[in-house]
Amino acid sequence: MESVTDNPVIIAGGGIGGLATALTLHQIGVPCVVYEAVREMRPLGVGINMQPNAVRELYDLGFSEADLDRVGLPAKEWALVGLNGNDIYSEPRGRLAGYNWPQYAVHRGLFHMMLYDAVLQRIGPQAVKLGSRVTGYRKNADGSVTALIEHADGSTSEANGALLIGADGIHSAIRAQMHPAQPPIHWGGAIMWRGTTWGKPIRSGSSFVGLGTHRQRVVFYPISHPDPKTGLSMINWIAEVTLDNAEGWKQSGWFRQVDVSDFAHHFDDWIWDWLDVPDLLQRADAIFENPMIDRDPVPTWQDGPVLLLGDAAHAMYPTGSNGGSQAIVDARVLGAAMVEHGATPDALAAFDAKLCGPISQLVLRNRGAGPFGLLNMVDERCGGTFDNIDDVIPPDERAAFMAGYKQAAGFAIETLNKAPRTIADGAKVRATATV
Ligand SMILES: Cc1cc2nc3c(=O)[nH]c(=O)nc-3n(C[C@H](O)[C@H](O)[C@H](O)COP(=O)(O)OP(=O)(O)OC[C@H]3O[C@@H](n4cnc5c(N)ncnc54)[C@H](O)[C@@H]3O)c2cc1C
């Protein structure tokens, strides 16, 4: 007689979602193996936000404020500014807003490596198989699942597991097999250029600033504490324009390094006494071009012993700064479902029932500009230029708009503060069901 928890859970993808899942399963006593396509883990990406709901889960996973301060810094403010430099909206973030947990603005690559190091230390190097791409799966008569794996050297193999978690990102092979008729990637016309530049943090010293209109804007925020010697922080920035998408995305690939001269002309005259956007762009270390893409929601993320999680389940526009946070929350909700139902398809069904509907709604809501929707309202009502924002959108209307967004995204302060831990301290999965 074999307990299902003796048969490991296979995780396809060692990104933020896959590694958070591995750490969670280890914490609750479920063996797991991560198969990751890249041959070598490297600190890739630029800025990403960890919302208080995700930071709470990171603390419950044993990461400390000091750990997070090494890869980012607590965010203090979220602000929207119009084209003439006047404030549209600002609000405190994290603990300053009344959450019991901070929000962190982190370097995606360093944060990812922090999770990877924790997996290696806590579970061991055998828990992550690099250079191993999961190309599909086979459901077995005994209820288990076989992952089909292609290795970097071209060889192939198979691995059996109690469950398979598809955490393989927006181009997920697991999702493609689960939903063969899914439409291609959706691009709404926005292109983002992302980079980092050392600079002096403005406003609160840790402010997220969205500046411009919904068709052309710059977003920037620091992702490191200031260097004590220079006072400079690493500033993450995203320059964005929206084009006509009628002919679809013409470039090959969805992510490529580009030269600043490819796009800086869109922002030539974006200079104020408190900000010089051309200078910010010109001094960047490296710049990446990303069309803003997501996927149309699917009705379910589960196929028997197989589940989608993170971007594989719900790739979303980054307008709400919640893609990375949701991947962490997913891992924890899955862990809680396993504590209740065991490492079984029932746990996957509970996860699917809880999150697929509401998070799919959030994907569509972020398509409609997410919290940047306020910029659309300003644009529609006054063409983007105003003296006093109260004459354009009264304070109550601004507050109601943001409250509606936060409730939907799971950021509502009181709800989060009052919610019990997602996974109770010390909770373990019972080794119950048999195969
Ligand atoms: C290289 C990279 C850089 C990024 N940079 C940023 C950024 O700067 N800012 C931002 O907001 N977001 C960034 N993102 C996206 C962000 O990390 C995700 O939106 C979010 O964290 C959700 O994480 P995820 O684990 O679900 O997906 P991802 O982070 O996309 O991770 C998926 C992982 O699965 C691996 N993989 C893919 N296919 C397979 C397969 N078939 N078998 C096995 N492994 C597979 C990938 O190599 C990757 O490690 C980046 C993602 C990546 C992969």
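**Cavities and ligand shell**

Modeller: Two cavities of 30 Å³ or more turn up in a search of the whole structure. A cavity is a set of points on a 1 Å grid over the protein atoms alone where a 1.4 Å probe fits but cannot get out, and lining residues have an atom within 4 Å of a point. This is a predicted model, in which local features need pLDDT of at least 70 and side-chain atom pairs count only at pLDDT 80 or more, while totals for chains, interfaces and linings use all residues. Residues are numbered from 1 along each chain as its sequence is written, and side-chain values use heavy atoms, with hydrogens and water left out.

Biologist: How much space lies in the largest cavity?

Modeller: About 40 Å³, the volume being the space filled by probe spheres set on the points, which are joined across faces, edges and corners. Its lining includes Leu83, Thr213 and Asp379.

Biologist: Which helix gives the largest share of that lining?

Modeller: Helix H10 (residues 373–382), with three residues.

Biologist: Turning to the ligand, how many residues surround it?

Modeller: There are 26, with Gly17, Glu36, Val46, Arg194 and Asp311 the closest; a residue counts if one of its heavy atoms lies within 4 Å.

Biologist: What lies 2.6 Å from an oxygen atom of the ligand?

Modeller: A polar side-chain atom of glutamate 36. For isoleucine 16, a backbone N or O atom lies 3.2 Å from a ligand oxygen atom.

Definitions and conventions
A polar contact is a pair of N or O atoms within 3.5 Å; within protein, one must be able to donate a hydrogen and the other to accept it, and residues adjacent in sequence count only if both atoms are side-chain atoms. On a 1 Å grid over the protein atoms alone, a cavity is a set of points where a 1.4 Å probe fits but cannot get out, and a pocket is an open set with protein on both sides within 12 Å along at least five of seven lines; lining residues have an atom within 4 Å of a point. Helices (H or I, at least four residues) and strands (E, at least two) are DSSP runs, numbered from the N terminus.
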